[in-house]
Amino acid sequence: MTELIKKYGRIAVLFLILASLMLEIMPFAVELHFGVPPEESELGYHAATYPYFALTPYGYAVFCPLIIFILTCACVLLAVISLFTDSRAVITAEAVICAVCVALAAIWALYALYSFTVAAAVITTLHAIAAVALFIARGNSKITTVAVISALAAAAAFVLSYLLCSAYFAIKLSADANTYFIENIKHMWPLKSAISLAVAAVVGVIPYGIAKTLSKNKKD
């Protein structure tokens, strides 16, 4: 049962990191402001949005998004490796990388807050949850069970509902990155809620079903 909990926890962390990666590739994760004549815009600037891996923000001295994206990709690879090994070093590396991503996001927000979007805040939160779960897992605490299973349900529901509805029921809105992100979440909320509920129910039942099956097999 302990091995089942550990395995399930690693899958949960993988989902968290994948959720952050999915958001990082969205085209509104980073926002840049370009100056324009007052007659063209009352704000005095034109806003353009980019994914984390875009080189344009990096070229305008917003370095952190690209570095975070690269670290997240590395973390996904480590999370996959951790599914097939009990190496404490791999878990430690995952935890450190997630913590570094959070630190980089904090630095980014301090020196270029105008480019730090709501999507970036959600990505940072996912990295923070993954880091905490991994550091707990290093100590083999059973608190991990509650933390990572809850995080898995939330992350899976978010990724599935957000990406599904964004891809097939996209809103038509010309706005800044934060407004677009918020409106996209609000859009088609009944369908997203239904998907979230279904995912949470499945995720909640799986470990108990597996445990019951294993217990039954032992008795037989």
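Here are some exercises with worked solutions on a predicted model.

**Exercise 1. How do helices α3 and α4 pack, and at what angle?**

Start with what to look for: two packed helices are described by the angle between their axes and the distance between the axes. Now find the two helices: α3 covers residues 64–82 and α4 covers residues 88–111. Their axes sit 9 Å apart, at an angle of about 165 degrees. Angles over 145 degrees count as roughly antiparallel, so α3 is roughly antiparallel to α4. As for handedness, the crossing of α3 past α4 is left-handed.

**Exercise 2. Which residues make the contact between α3 and α4, and how many are nonpolar, polar or charged?**

On the α3 side, the contact includes C64, P65, I67, I68 and L71. On the α4 side, V90, A93, E94, I97 and C98 are among them. Next, sort the contact residues by type: 20 are nonpolar, two are polar and one is charged.

**Exercise 3. Is E94 buried or exposed, and what does E94 touch?**

First place the residue: E94 belongs to helix α4. Then check its relative accessible area, which is 1%. The cut-off for buried is under 20%, so E94 is buried. Finally, skip residues up to four places away in sequence and list what is left: E94 touches V13, I17, C75, L78, A79, S82 and L134.

**Exercise 4. Where is A95, and which residues is A95 in contact with?**

A95 is another residue of helix α4. Its relative accessibility is 0%, so A95 counts as buried. Leave aside the neighbours within four places in sequence, and you get contacts with A131, L134 and F135. Now try a distance: from C-alpha to C-alpha, A95 and A130 are 7.3 Å apart in space, while 35 residues separate them in sequence.

**Exercise 5. How many aromatic pairs are there, and what is the geometry of F53 with F69?**

Begin with the count, using ring centres within 6.5 Å as the rule: it comes to four aromatic pairs. For F53 and F69, the ring centres are 5.5 Å apart and the planes stand at 50 degrees, so this pair is tilted. Then ask where the partners sit: F53 is in the loop between β2 (45–50) and α2 (55–59), whereas F69 is in helix α3. The pair therefore ties together parts that are 16 residues apart in sequence. Last, look at accessibility: F53 is partly exposed at 39% relative accessible area, but F69 is buried at 16%.

**Exercise 6. What kind of pair do Y58 and F63 form?**

Note the numbers first: the ring centres of Y58 and F63 are 5.0 Å apart, with their planes at 75 degrees. Planes over 60 degrees apart count as edge-to-face, so that's the label for Y58 and F63.

Definitions and conventions. Residues numbered from 1 in each chain as written. Predicted model: local features only at pLDDT ≥ 70, side-chain atom pairs only at ≥ 80, totals over all residues. Heavy atoms only, no water. Axes fitted to C-alpha atoms, helices over the stretch in contact; angles between N-to-C directions. Helix = DSSP H or I, 4+ residues; strand = E, 2+ residues; numbered from the N terminus. Parallel < 35°, antiparallel > 145°, perpendicular 65-115°, else oblique. Left-handed = near helix turned anticlockwise from the far one by under 90°. Contact = heavy atoms within 4.5 Å. Nonpolar A, V, L, I, M, F, W, Y, C, P; charged D, E, K, R; others polar. Buried < 20%, exposed > 50% of the residue type's maximum accessible area, 1.4 Å probe, protein only. Phe/Tyr/Trp six-rings, centres within 6.5 Å; stacked < 30°, edge-to-face > 60°.
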